Amino acid sequence: PDGGEAAQLPFHQYPGVLHQAEARNPAEENAALEVYYQIGLAATCPRALALLDLADQLLCEPMYNQLRTKEQLGYTVHCGTRLTFGVGGLAFIIISASHPPHHLHARLESFLQDFIRTKVASLTPAELAQHVSALTDNKLSRDRALADESARHWDVVWNERYDFLTREREVAALQSLTPEDVRAWFNTHLSAASPSRRKLAVHVLPRAVGCPAAAPPPKLPTLPLLLPKSSNGAAGTEGSQGCQSAEVDAAASSREGGQGKGEKKEGIAKEEVVLGSKLWVVPDLAVLKSCRPLWELPPAQLPPCHPE
């Protein structure tokens, strides 16, 4: 497949956090992949919002063209931005009846790393200006109905941002961006080599017997397992806080023992490992809420955005 050297890497060699779950429907024949890259505080930062939306603008069509049209991984292939409690993110979703999640995962990462290495690295001011112009037109387009305008304003109220000029501020920030800004953003948040990358991948496995998307992954090495850490240090205890590491054979989904070292700071325990250096398996997504290296604090506890 296209993608150069990065195309040869199996999914487990890309750093991040992995959660695997079976589909609820016992006759489900489709596999699904969602990969979420957490970017950080964005709700009150026009420049952060501008870079996030610009990245989506740059990636959307090439991703669909490569993974849907050329490689035909699945019928549903798309990406989009997220703004969750003021924290921005970029999500990629693929649903396939012909390929298992581990293959979708590897192909998505291959595409992203190749895109950074080629398209982003060679982005010119003229190309950037075209994307900025298209995004600006989209942001400032007139509401088609009163309900659209009402929903846009109420979204600001429900999320307690109370900034009714968000679009205008973001458009102003877009005009000041340079190709170097875009390259720095991609290299920080999406590059597999970045220690600052915060990635969560969710594999949804089909349950129908014998379907193509249910093909098992190749034999994998033992992967680190991220578990809740209770107050007495035991892993996996209900109501525990913080996180600790253990080892897991991802292919067999078997857990081995092992206790990590947790340090409490401001009520949140943090893992004493470099989480960006490998792929971590997370059996319970709730653990992410108590692992500060993986999850931003609530907006009220986040530092204010520095004005440009």
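A pocket is an open set of grid points, where a 1.4 Å probe fits, with protein on both sides within 12 Å along at least five of seven lines. In the predicted model described here, the largest pocket holds about 600 Å³ of space. Its lining comprises 24 residues, and those closest to the pocket centre are Lys139, Arg152, Asp155, Thr166 and Arg167. Two or more lining residues come from each of helix H1 (46-70), strand E3 (76-84), helix H3 (125-139), helix H4 (146-158) and helix H5 (166-174). The most is given by H4, with five residues. Sorted by class, the lining of the largest pocket consists of 14 charged, five polar and five nonpolar residues.

The packing of H1 against other helices was examined next. Two packed helices are described by the angle between their axes and the distance between the axes. For H1 and H5, the axes come within 8 Å and cross at roughly 75 degrees. Because angles of 65 to 115 degrees count as roughly perpendicular, H1 and H5 are roughly perpendicular to each other. On the H1 side, Pro46, Arg47, Leu49, Ala50, Asp53 and Leu54 take part, and these meet Thr166, Arg169, Glu170, Ala173 and Leu174 in H5. The contact of H1 with H5 is made up of six nonpolar, four charged and one polar residues.

H1 also packs against H3, with axes that come within 10 Å and cross at roughly 110 degrees. H1 is therefore roughly perpendicular to H3. The crossing of these two helices, H1 and H3, is right-handed. From H1, the contact involves Asp53, Leu54, Gln57 and Leu58, while H3 supplies Leu128, His131, Val132, Ala134, Leu135 and Lys139. By class, six residues of the contact of H1 with H3 are nonpolar, two are polar and two are charged. Lys139 of H3, part of this contact, is also among the residues closest to the centre of the largest pocket.

A further contact joins H1 to helix H2 (residues 101-120), where the axes come within 11 Å and cross at roughly 130 degrees. H1 and H2 are therefore oblique to each other. H1 passes H2 in a right-handed crossing. Leu58, Leu59, Pro62, Met63, Gln66 and Leu67 form the H1 side of the contact, and Arg107, Leu108, Phe111, Leu112 and Phe115 form the H2 side. In the contact of H1 with H2, nine residues are nonpolar, one is polar and one is charged. Leu58 of H1 takes part in the contact with H2 and in the contact with H3. Asp53 and Leu54 of H1 take part in the contact with H3 and in the contact with H5.

Definitions and conventions:
Residues numbered from 1 in each chain as written. Predicted model: local features only at pLDDT ≥ 70, side-chain atom pairs only at ≥ 80, totals over all residues. Heavy atoms only, no water. 1 Å grid on protein atoms, 1.4 Å probe; cavity = no way out; pocket = protein on both sides within 12 Å on 5 of 7 lines; lining within 4 Å. Points joined across faces, edges and corners; volume = space filled by probe spheres on them. Helix = DSSP H or I, 4+ residues; strand = E, 2+ residues; numbered from the N terminus. Nonpolar A, V, L, I, M, F, W, Y, C, P; charged D, E, K, R; others polar. Axes fitted to C-alpha atoms, helices over the stretch in contact; angles between N-to-C directions. Parallel < 35°, antiparallel > 145°, perpendicular 65-115°, else oblique. Left-handed = near helix turned anticlockwise from the far one by under 90°. Contact = heavy atoms within 4.5 Å.
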